[in-house]
Amino acid sequence: MVGAPGIRIEALAIRRGGVPILGPLTLTLAATGLTVIMGPNGSGKTSLLRALHGLERLSGGAVHWPDGTGDPNARQALVFQTPILMRRSVADNIAYPLRLDGVPLAEARARAEAMAAEVGLRGAMARPAQVLSGGERQKMALARALIRAPGVLLLDEPCANLDGRSTTDIEVVLHRARARGTRIILATHDIAQARRLADDVVFLHHGQLIEVGAGAAFFAQPLSPEATAYLKGELLP
Amino acid sequence: MPLEPAATGRRRDRGMGRAAMNEILQGLAQAAQLLAGLDADLIEITLLSLRVSVTATLVSALIALPLGAWLAVSRFRARRVVIVVLNALMGLPPVVVGLVVYVIFSRAGPLGVLGLLFTPTAMVIAQVIIVAPIIASIAHQTIRDLWADYHDLLISLNATRAQRIKALLWDGRRALITAALAGFGRAIGEVGAIMVVGGNIDHATRALTTAIALETGKGDFGMALALGFILIALAVAVNLAVHLLSRTERSSRW
Amino acid sequence: MKLPQSLAMAATGLWLAVAAQAEDLKLAVTTSFANSGLAEVLLPAILADTGINVQLLVVGTGQALKLGEAGDVDAVLVHARAAEEAWLAAGNGTHRREIMYNDFVLVGPSGDPAAIKAAPTAVAAMQAIVATEAPFVSRGDDSGTHKAELALWQKAGIRPAGDWYRAVGQGMGAALNTAAGMNAYILSDRASWLNFGNKADLALLFAGDTMMFNQYAYLPVNPVKYPHVKADAVATLEAWLTSDKARALIEGYKVAGEPLFVFNAQPM
């Protein structure tokens, strides 16, 4: 995890109504590559992602990003597990972040169309986003997240409800983004997907950090009993 | 004046029943004539009603839509109080609103110098007070639901408060237009407030509803029924518009 | 300039000119006067002769005098002498100008259960109604007609109360409509009764007592108290209402062949 200045998470904690949800976590993530956050349901994956993105109020601790801007949202985008559709056309959904930046409508729509082609979303541009299937919706959300070329892309179980074909399409896009240098942090409970994608793995359980390591090493020989059991497919208490 | 011979008991009742039926039929016939012939009074009254209620709805929407949206996305300590007050204002009996406006704009009252009592402007003011809370409340509920959907996305995308309100108002426009139409429906059928502050002056402040009240009270059912048909037609048109709007919601073509 | 544009300008100019010439005057009148239908005859003539657009606020006498007291109208036309004189004494108006009169009549079910047709006086008729507890509709709205009715009860030594006595708080036309629906007795001014379109089973049963004399008077609101009042227009209207033209129109106004009012204004 050393080398280039990484993403430093210091004593990050989230409590709601006195009940600890996450942490305190302390770890440093690499500045590049694709990190998978793993763990059973309720382990805090979503909370960690949202905390990294600035969507959760921290009860303690802090996150320090390598570019040091102090505003973690400056060049980040988050893809939610259930894609959030705006009640407008597919094109306008994807173009919306550009419109926020003041890009003129025609240009924004043109770039949206190009982005849609990149993620494999064909032909649906003028139709309302509501008519898309589950896989198409997630591709649209991904296109919308990528259109401002974020430095960091966070994804919360993006393929949880998708079939194999859509999952493959999305993983292809992620590969391309990583190759371009986008920092990707992905939460998933799909072990096979984690194996396919992970450069690094963060393993959580009950809101605590159990293990952290390079992908290949983690899957070959996990160090913690929880991770070992989890990779074997066992249910954790 | 020659007196009619007194009818006895049952025969008299049936006679009176038939007479009442004739009244109504006569009234209907008269109404048909007035409508078909585009009676000048009819048109004048209808135009005044539309002028007052459309203006009141537009002014109310201008105030209430942004207010409702802003309330939905803002967090401040008095927010709950404001919402409670808004809902309470919705329950204001229109005639009481009329009374308060009357007292304020009477020459003997605080804003009497404006000389607005018994003018269409006073009618608009009264209707704005009645209608704006309705539109604001519906707008607030609609936008709040939409905000619940959009919340994480808009914050994730770093949208400013103004940008959020703009996105919510635009994406929620059909529901907001429906809210405005609901406000218009309330305004066009309102009679208590505009009777009190307008004075039902012939050719000046006589609207559909107050004219119906007047004609019915005089026993002139022909004109009253004709006016009533127009009012019903307007109400149906409004409801049709709402219906068509919610259908386009599904196809989202605009 | 193109033709449509010049036409639009001409039309606007004409409209502005006409609008500027017609002056609005707010006159509070009683429902009895309005329900007689005389206004439909007088108002157009007033507009044509004087350029004054009289805006009628049709309310009960009590409310008309209140409107004058608050300065919300420019003048008042009512028919309750005692109330008018009290109003003037309080400084609300300049003077009282009698214009015309008619009379009150007692209207009731054609079967006349209280037999008031045969009553010798108005008071006797009222006593007969109380005795039989026949339904009676009262204006109940502090109007001139209401005050006249109360004066009759007082003279008869009766304080009317009970199921048979129904105070409706409505104008003359509406009250007549209610009486028709209930088949009840009611005191009305003759003009409103003759012009009323929904008589049902009601008929005119008693008239002619001197207590039923009904004088209408024109009272300008005090311009010293309310400088915004259109005093000039009010004076012009008063002059017109006391003119020969007005006399001709008022005495010529008939319903079913009967004149409704007798003009008794003194020339100014």
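Biologist: How do you know how far to trust what is shown here?

Modeller: This is a predicted model, so local features are described only where pLDDT is at least 70 and side-chain atom pairs count only at pLDDT 80 or more, while totals for chains, interfaces and linings use all residues. Residues are numbered from 1 along each chain as its sequence is written, and chains are lettered from A and ligands numbered from 1 in the order in which they are written. The predictor gives the complex an ipTM of 0.90 and a pTM of 0.78. For chain C the mean is 89, with 92% of the residues at 70 or more.

Biologist: Where is the confidence of chain C lowest, and where is it highest?

Modeller: The lowest mean, 59, belongs to helix H1 (residues 3-21) of chain C, and the highest, 96, to strand E3 (residues 75-78) of chain C. In chain B, pLDDT stays under 50 over residues 1-9. Where pLDDT is low, the predicted coordinates should not be read in detail.

Biologist: How do you know which chains touch?

Modeller: Two residues are in contact if their C-beta atoms, placed from the backbone, lie within 7 Å. Two pairs of chains touch, and the most contacts are between chains B and C. No contact joins chain A and chain C, whose closest C-alpha atoms lie 38 Å apart. Between chains B and A, 12 residues of chain B are in contact with 13 residues of chain A. On the side of chain B that touches chain A, helix H5 (120-156) and helix H6 (161-171) of chain B each supply at least two residues, and H5(B) has the largest share, six residues.

Biologist: What does chain C bring to its contact with chain B?

Modeller: There, 25 residues of chain C are in contact with 21 residues of chain B. Strand E2 (52-59), H8 and strand E8 (202-206) of chain C each supply at least two residues of that side, and H8(C) gives the most, with four residues.

Biologist: What makes the packing of helix H2 (residues 40-73) of chain B against H6(B) oblique?

Modeller: The two helices pack at an angle of about 120 degrees, with their axes 10 Å apart. Axes are lines fitted to C-alpha atoms, for helices over the stretch in contact, and angles run from 0 to 180 degrees between N-to-C directions. Angles under 35 degrees count as roughly parallel, over 145 as roughly antiparallel, 65 to 115 as roughly perpendicular and the rest as oblique, and H2(B) is therefore oblique to H6(B). Leu65(B), Ala69(B), Trp70(B) and Val73(B) in H2(B) meet residues of H6(B) including Ile165(B) and Leu168(B). H2(B) also packs against H5(B), at an angle of about 35 degrees with the axes 6 Å apart.

Biologist: Why is H8(C) called largely enclosed?

Modeller: A residue is buried if 20 or more other C-beta atoms lie within 10 Å of its own, exposed if 12 or fewer, and partly exposed in between, with C-beta atoms placed from the backbone. Eight of the 11 residues of helix H8 (residues 172-182) of chain C are buried, so H8(C) is largely enclosed by the rest of the structure. Among the buried residues are Met172(C), Leu176(C) and Asn177(C).

Biologist: Which peptide bond of chain A is cis?

Modeller: The bond from Gly23(A) to Pro24(A) is cis, with omega near 10 degrees, and Pro24(A) lies in strand E2 (residues 19-29) of chain A.

Note on methods
pLDDT is the predictor's confidence in each residue, from 0 to 100.
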